[in-house]
Amino acid sequence: MLFSSIPFLYYFLPAVVLLYVIAPKCIKNSVLLLASLVFYAWGEPKYVVLMTVTIILGYVLGLLIEKYQGKKLSKLFLILSLVIDLGFLAYFKYADFFISNFNAVTGIGVPLLRIALPVGISFYTFQILSYTVDVYRGGVAAQKNIINLATYISLFPQLIAGPIVRYSDIALQLETRTHSFEKVAVGIRRFVIGLGKKILIADVLAGLGTSFAESADKSVVFFWLYSISYALQIYFDFSGYSDMAIGLGKMFGFDFLENFNYPFISGSITEFWRRWHMSLGTWFRDYVYIPLGGNRCSKLRNIFNIFVVWMLTGFWHGASWNFILWGVFFGIALLIEKMWLLKHLKKMKVLNHIYVLVLVLFSFVLFASVDLSQLGANVGGLFGAGGIPFINAETVYYLRSYAVVLVLAIIGATPLVKTVATKIKEKAAGAKIMNVLEPIALVALILVMTAYLVDGSFSPFLYFRF
């Protein structure tokens with residue numbers, strides 16, 4: 001089920017909110033768990049069994065890890081948890097990738113399994129792993145109530161595409177959390193803004209991407225237009241989902257950590273990854289990079305650690321070489337900054353931002369390329385390879401058609417709107433005006449988006465495939 005769909009907005013969500021409000025405190029988590037299972041089963045009923053099995057295994061292994069804390073058995077059960085959860089992920093997400101590459105190298109025709117990817121498996125697998133690892137480290141106590149643990153893992157606001165919520169961040173909230181009209185209002189506002197990002201910006205920019213793919217008369221400017229629009233599309237699609245997840249969480253009393261912080265204003269790639277998909281970056285830092293030795297080791301080992309982390313980061317995004325190359329690309333960029341460039345970038349005021357935008361745009365061209373031949377064509381197109389024109393009539397047409405949404409997207413990708421709104425609210429008169437206009441604007445926005453959804457076509461979130 002999509003957040004950006006009529007069934008979710010006008011049937012599922014109101015029903016869940018109503019049941020949650022009237023439910024006694026002792027069964028509120030049970031209501032959320034049941035709702036989350038229905039939400040997941042809506043699109044993939046058979047994979048509810050898989051998620052349920054992983055939850056039960058995580059629950060049992062967490063208890064066993066804690067029971068034998070400090071003994072060899074505790075580590076054995078942790079390893080078992082890692083093997084099972086990563087094994088499920090490898091089988092469902094990467095089996096055909098490994099088989100196809102094995103066939104390419106050996107010439108043997110091993111049949112592909114052609115297994116459908118369970119939606120959200122990358123996200124809930126990482127959440128279960130963070131729970132069992134933290135129990136092993138002694139950072140959190142094992143959850144004795146399986147309903148609470150199952151609610152944490154399957155919680156529908158962040159189940160499908162994150163943010164990756166760690167158990168340690170909401171362990172107390174599972175037991176007791178605050179509910180208030182103010183918190184609900186904040187949650188609704190955040191959800192509506194996220195929904196607007198998805199429907200009014202990301203989905204519209206997706207149309208430009210489709211036109212680019214179907215065009216037989218591309219130009220250099222069209223290639224750059226596509227790379228800019230795709231980078232903005234994936235940002236508004238994913239950050240919009242994160243906004244909706246955070247907003248829904250607040251409506252049910254949860255406080256999820258932020259996942260994006262205006263990454264396109266960064267002055268270095270290092271800063272960019274502190275602002276982009278922050279829950280994934282910190283997950284790999286705490287559960288892969290630091291255990292490998294982090295930077296408290298020899299320079300050669302540190303280089304190895306960085307490459308491992310970024311290769312895995314790319315591979316996490318998808319079972320394809322372009323994702324691995326995308327991760328390695330960022331690994332190289334971060335390594336160059338760490339060893340030499342970062343100190344120079346800090347002294348620049350404009351060039352550092354241009355440098356980041358160029359590298360990020362190139363990275364998303366790499367990210368979007370389904371194979372190496374398409375990557376070569378797209379990169380070549382950016383620099384006029386093959387004698388393509390610099391600009392043509394078709395490019396001018398799409399520039400005019402998408403100029404407004406591109407300008408709005410560029411402005412929305414900066415803190416400008418938030419800064420202006422904050423300054424207005426700092427003044428008493430401004431705050432009163434905003435208190436009146438904001439609800440009206442949100443209702444109008446919902447009505448406009450509903451019209452889009454009624455007339456529009458199916459448009460899943462990009463990160464559903466991860």
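The bend at a residue is the angle between axes fitted to the seven residues ending there and the seven starting there. In this predicted model, local features need pLDDT of at least 70, side-chain atom pairs count only at pLDDT 80 or more, and totals for chains, interfaces and linings use all residues. Residues are numbered from 1 along each chain as its sequence is written, and side-chain values use heavy atoms, without hydrogens and water.

Helix α19 is kinked by about 25° at L437, shortly before the proline P439. Helices here are DSSP runs (H or I, at least four residues), numbered from the N terminus. α19 covers residues 428-455, and its 28 residues reach 41 Å from first C-alpha to last, close to the 40 Å expected at 1.5 Å a residue; the expected span is 1.5 Å times one less than the number of residues.

Buried residues (under 20% relative accessible area, 1.4 Å probe, protein chains only) of α19 are G430, M434, L442, M449, T450 and L453. The cover over them includes the helices tabulated here.

| Covering helix | Residues |
|---|---|
| α1 | 6-22 |
| α9 | 181-214 |
| α18 | 416-426 |

α9 packs against α19 at an angle of about 40°, with the axes 10 Å apart. Axes are lines fitted to C-alpha atoms over the stretch in contact, and angles run from 0 to 180 degrees between N-to-C directions. The contact (heavy atoms within 4.5 Å) involves residues of α9 including R189, V192 and L195, and residues of α19 including E438, L442 and L445.

Elsewhere, V31 belongs to helix α2 (residues 28-41). V31 is buried, at 16% relative accessible area. Not counting residues up to four places away in sequence, V31 touches L19, Y20 and A23.

Note on methods: Helices (H or I, at least four residues) and strands (E, at least two) are DSSP runs, numbered from the N terminus. Buried means under 20% relative accessible area, exposed over 50%, partly exposed in between (1.4 Å probe, protein chains only).
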